[in-house]
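Hi,

Here is the structure I promised to pass on.

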Amino acid sequence: MVGIARLASESLSIEAKREVEYFDLTTRSFLAKCNSPRMPFRWMINPYRGCEFGCKYCYARYTHEFMELRDGADFERKIYVKHFDARRFKEELRRVPQGETIAIGTATDPYQPAERRYRLTRSMWEQFASTAGFELRLITKSDLVTRDIDVLREVARRHRLVITLTITTLDRDLARLLEPLAPRPDLRLNAIRKLTAAGIRVTVNCAPVLPLINDSEASLDSVAQAAARAGAKAIGGNVLFLKPCAQAVFMPFLEEHFPALVRRYREHYGRAAYLRGAYPQTIHERLQRIRKRYGLDQREAPPEPELWPHDPQLTLFCE
Ligand code: SF4
């Protein structure tokens with residue numbers, strides 16, 4: 001057993017809540033470099049490993065496989081809380097050139113229930129509130145993000161900050177099926193309102209688009225309309241992809257709740273994780289139309305913030 005799997009096996013259980021257990025995880029760094037040229041960011045922060053929200057389509061389950069935890073349910077029930085050291089984190093930030101993008105929450109939700117207690121995401125923001133000069137993009141499904149509006153205001157004075165709320169449907173029952181423990185869509189819309197009122201730039205991620213489940217023009221339109229009314233500036237979306245770790249959870253879910261779709265999903269996703277051809281193109285065009293309809297096509301980064309550093313010597317640490 002090597003690396004992260006060994007660290008995971010040695011982690012101390014912090015507590016067991018219902019069926020969820022929390023573990024303390026020591027990692028070499030809080031900030032990770034992303035080497036994939038397909039991604040629009042070079043740096044990532046995932047304060048936790050695993051995610052209690054338990055979305056049926058979640059692609060991030062592979063991160064538990066690195067720890068030799070291969071049961072799909074482990075991803076939702078064994079949550080690893082990374083050790084956060086403020087001084088070390090600031091040292092790590094010194095490696096990041098000014099203006100580069102740091103994506104927060106690429107493989108976990110930084111505002112999942114664990115955050116109420118462990119406050120790792122908030123601790124991270126507190127450090128960003130005394131630095132300047134990065135593009136920071138956080139993605140979440142949780143209205144808990146509004147707890148941190150006080151510190152986010154300061155972060156937005158120093159960095160290009162974008163908060164993205166994922167909303168896949170406004171249908172509460174469907175959301176409960178797909179994203180069992182994530183906050184309801186109306187709570188996420190409230191979060192957009194509050195963040196926008198605080199002057200923070202918010203976008204919406206309507207992803208994944210699931211064939212024949214939430215992909216109708218009416219469904220996507222309703223999400224976009226509500227997002228625009230709440231103050232969001234842009235909407236994105238992409239078609240469901242199903243890697244083997246996600247298929248292991250999603251296909252049994254489909255059999256139970258959408259049995260009429262099983263054959264078609266098997267035909268298409270049995271061949272490859274990503275759909276190609278006419279269907280993704282149709283969804284792309286549908287989203288383009290909807291974006292234009294509601295003025296949700298402002299995907300550029302926020303304008304230069306008040307305390308953006310101009311002196312390269314002052315790339316960081318302008319407290
Ligand atoms: S909120 Fe994100 S990370 Fe968490 S289970 Fe859902 S898709 Fe996965």
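To get going: in which loop is R119 found? R119 sits in the loop between α5 (114-118) and α6, where helices (H or I, at least four residues) and strands (E, at least two) are DSSP runs numbered from the N terminus. The phi of R119 is near 55°, a positive value in a residue other than glycine.

Before you read on, note that this is a predicted model, in which local features need pLDDT of at least 70 and side-chain atom pairs count only at pLDDT 80 or more, while totals for chains, interfaces and linings use all residues. Residues are numbered from 1 along each chain as its sequence is written, and side-chain values use heavy atoms, with hydrogens and water left out.

Now the helix pairs. Helix α4 (residues 86-93) packs against helix α6 (residues 120-128) at about 55°, with the axes 10 Å apart; axes are lines fitted to C-alpha atoms, for helices over the stretch in contact, and angles run from 0 to 180 degrees between N-to-C directions. That makes α4 oblique to α6 (under 35 degrees is roughly parallel, over 145 roughly antiparallel, 65 to 115 roughly perpendicular, and the rest oblique). A86, F89, K90 and L93 of α4 meet M124, Q127 and F128 of α6, contact being heavy atoms within 4.5 Å.

Helices α11 (residues 244-257) and α12 (residues 262-269) pack at about 155°, with their axes 9 Å apart, which makes α11 roughly antiparallel to α12. On α11 the contact uses Q247, F250, M251, L254 and E255, and on α12 it uses V262, Y265, R266 and Y269.

Around the ligand you'll find C51, F53, G54, C55, C58, T108, D109 and K141, each with a heavy atom within 4 Å of it.

On aromatic rings, the count comes to 14 pairs (rings of Phe, Tyr and Trp, its six-membered ring, with centres within 6.5 Å; planes under 30 degrees apart are stacked, over 60 edge-to-face, and the rest tilted). F23 and Y80 have ring centres 4.9 Å apart and planes at 20°, so the pair is stacked. Because F23 lies in strand β2 (residues 20-25) and Y80 in strand β6 (residues 78-82), the pair ties together parts that are 57 residues apart in sequence.

Last one: a cis peptide bond joins A207 and P208, with omega about 5°. P208 lies in the loop between β10 (201-205) and α10 (217-230).

Cheers
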